[in-house]
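Dear colleague,

My notes on it come after the structure itself.

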Amino acid sequence: MTADGIRQAIIQIISEIAPDEDLTGVNPDEPLRDQVDLDSMDFLDIVMELRKRYSIEVPEQDYPQLATMSSTVSYLLPRMESL
Amino acid sequence: MAGMAAGLRLALYGKKTLVLERHSRPGGLNSWYRAGGYQLDVGLHALTNYNPAAGRDAPLNRLLRRLRLSRAALALAPQKESWILHYGAKLVFNNDFACLLDNAQARFPGAADGLRKLAAEARRHYMENRFFTGESARARLPEFIADPMLREMILMPVMFYGCAGQEDMDWGQFLIIFMSVFEEGLCRPQGGIRAIIDLLTERLERAGGELRLKAGVRSVITRDGAAAGVILDNGEVIEGGAVFSSAGWVESAALCPEMDPAGDAAAGAGVMSFLESIHVLDRPAAQLGLDASIIFYNNAPRFSYRKPDAPVDLNSGVVCVAGNFGYESPLPFEQIRVTHIANPDYWMLAPDKLYLSAKEEWRARSLASLPMDLPDFRSAITFHDTFTPRTIHKFTGKLNGAVYGAPAKHPGGDTPVKGLYVIGTDQGLLGVTGAMIGGVAVAARAALV
């Protein structure tokens, strides 16, 4: 999967978790939680969806790396490249 | 609703989930049916917790998020205004809490301050998840509302919309319903209860869960004191690691011998039930001079919320004018629903022939007993249907058709049997919103353990 593919996959997951949120204008370098109304339960749901869909385990100590869209993509790229 | 919500949340956790419903349609106490060419709701008068539309801490928004449902898809129509009529006094409220404050202040000087404090107390309980305190609402209310008449007027809608016991209720539960009805307000989905059920059903399937209709549970299988599955009415055995029962506490105990059916949790079960008539009108209620959304009324100095000696208590009632909400487009037809407290024993035991004529008799008496503040809409009725505690029992299995379950509640959902959880009425959060919040909470607790 390419960086762009991963970005699309993340947007797809968030739009399922928060169907009323508008994700078109998300700034990739600002924290997601400042731009989209996500709480900690939503965040756990994102991690859970990554596991369900792509069999990717994100350990708790890595959660801070999922703060912005850019950091999420760079974190996931080595783990999803081969998918 | 609790079962669908819990099932959906479990499926979203990636659990293999099967939702079983004995009836041919999902929803339980809140469902719909067709009669006379009309699609009619049962259960839902109005959905609570309308405000605010945004903000993740709002109960309804938080619930919809947990279920990954779109609030926009429900097309929620806010109430116009609702009335509380009590022995000659009238209070008006809408989805702006200030309206209730102003109205109460005008009739009961000094009341606004107390109601504001009551709302703050309710919010605090909600934020701290303190839905049950074990205290009496009637004992605590005078700290906030000095006037006895205003106390009756505030208690009336809260009790009608979620009191399982007679005359009094848990203080924590009172506060949650007070907040849900008065501060957050009332609405109806454009498509009625069916809009919610269809959305839940579709989302459950998309999440990989399965819904089976006409599949009643005959008993719960236990192994070494833990739930291990269920046996269906047709004898089919379904294995499962956890069982969530929305049947009610005593009703679940009847399915599972290891639960004590006669324990304290059963005290006062099957006492409070209702008779409801649905009247379809040939013109909008507003044309008859009726503009209110919901009217709660009581014709006695004290509001009597208890099983009546008569088959139906006509001294009080709730009138829901389904068309008087702010819809985006007009409803296909106009309907008014009138609900009264009923005596379940009379309706459960009446011989068939008497039962049918009694339904007709009490429907007519109900219409004749409505308060003078409402226009007489009898000549505009084109179709009607009435349901009783017996009807509710027939379609939901609730003991004596008691829609709010037993007075004792089980907020955590735990039962004496490991892996068997109660959700729905006897978990304790009531109404459509409450049932779903409770179902989601118990499911989350069970799934994350």
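Below I go through the helix packing, the cores, and then some individual residues.

Please keep in mind throughout that this is a predicted model.

**Helix packing in chain A**

In chain A, the axes of helix 1 (residues 3-17) and helix 3 (residues 40-54) come within 10 Å of each other and cross at roughly 125°, which makes helix 1 of chain A oblique to helix 3 of chain A. The crossing of helix 1 of chain A past helix 3 of chain A is right-handed. On the side of helix 1 of chain A the contact is made by A:A9, A:I10, A:Q12, A:I13, A:I14, A:E16 and A:I17, and on the side of helix 3 of chain A by A:D42, A:D45, A:I46, A:E49, A:L50, A:R53 and A:Y54. Sorted by class, the contact of these two helices has eight nonpolar, one polar and five charged residues.

**Helix packing in chain B**

In chain B, the axes of helix 5 (residues 111-127) and helix 8 come within 9 Å and cross at roughly 110°; helix 5 of chain B and helix 8 of chain B are therefore roughly perpendicular to each other. Their crossing is left-handed. Helix 5 of chain B contributes B:L115, B:L118, B:A119, B:E121, B:A122, B:R123, B:H125 and B:Y126 to the contact, while helix 8 of chain B contributes B:W171, B:G172, B:F174, B:L175, B:I176, B:F178, B:M179 and B:E183. By class, this contact has 11 nonpolar, two polar and three charged residues.

Helix 4 (residues 97-107) of chain B has as its buried residues B:F97, B:C99, B:L100, B:L101 and B:A104, and these pack against strand 6 (89-93), helix 5, helix 7 (148-160) and helix 8 of chain B.

In soluble globular proteins, nonpolar side chains tend to be buried together. Here the largest nonpolar core has 70 residues, and those with the most contacts inside it are B:L118, B:I154, B:F160, B:F174, B:F178, B:F182 and B:Y305. The largest share of this core, nine residues, comes from helix 8 (residues 171-183) of chain B. Leaving aside neighbours within four places in sequence, B:F182 is in contact with B:I84, B:F93, B:N94, B:F97, B:L100, B:I154, B:P157, B:V158 and B:I177. Apart from this core lies another, of 42 residues, among them B:M1, B:A5, B:Y50 and B:L64.

B:S180 lies in helix 8 of chain B and is buried, with a relative accessible area of 7%. With neighbours within four places in sequence left aside, B:S180 is in contact with B:T48, B:N49 and B:G185.

B:F325 is found in the loop between strand 15 (316-321) and strand 16 (334-342) of chain B, and at 2% relative accessibility B:F325 counts as buried. Not counting residues up to four places away in sequence, B:F325 touches B:A46, B:A77, B:P78, B:Q79, B:K80, B:L186, B:C187, B:R188, B:S293 and B:I294.

**The loop between strand 3 and helix 2 of chain B**

B:R56 is placed in the loop between strand 3 and helix 2 of chain B and is partly exposed, with a relative accessible area of 31%. Leaving aside neighbours within four places in sequence, B:R56 is in contact with A:D37, A:L38, A:D39 and B:R62. The C-alpha atoms of B:R56 and B:L85, which are 29 residues apart along the chain, are separated by 35 Å. B:P52 also lies in the loop between strand 3 (38-42) and helix 2 (59-66) of chain B, and the peptide bond from B:N51 to B:P52 is cis, with omega near -20°.

**Backbone points to check by eye**

Most residues other than glycine have a negative phi, and most peptide bonds are trans. B:N129, in the loop between helix 5 and helix 6 (137-140) of chain B, has a positive phi, near 55°, and is exposed, with a relative accessible area of 56%. B:K214, in the loop between strand 8 (210-212) and strand 9 (217-223) of chain B, likewise has a positive phi, near 50°, and at 66% relative accessibility counts as exposed.

With best wishes

How values were computed:
Residues numbered from 1 in each chain as written. Chains lettered and ligands numbered in written order. Predicted model: local features only at pLDDT ≥ 70, side-chain atom pairs only at ≥ 80, totals over all residues. Heavy atoms only, no water. Axes fitted to C-alpha atoms, helices over the stretch in contact; angles between N-to-C directions. Helix = DSSP H or I, 4+ residues; strand = E, 2+ residues; numbered from the N terminus. Parallel < 35°, antiparallel > 145°, perpendicular 65-115°, else oblique. Left-handed = near helix turned anticlockwise from the far one by under 90°. Contact = heavy atoms within 4.5 Å. Nonpolar A, V, L, I, M, F, W, Y, C, P; charged D, E, K, R; others polar. Core = buried A, V, L, I, M, F, W, Y, C linked by side-chain atoms within 4.5 Å. Buried < 20%, exposed > 50% of the residue type's maximum accessible area, 1.4 Å probe, protein only.
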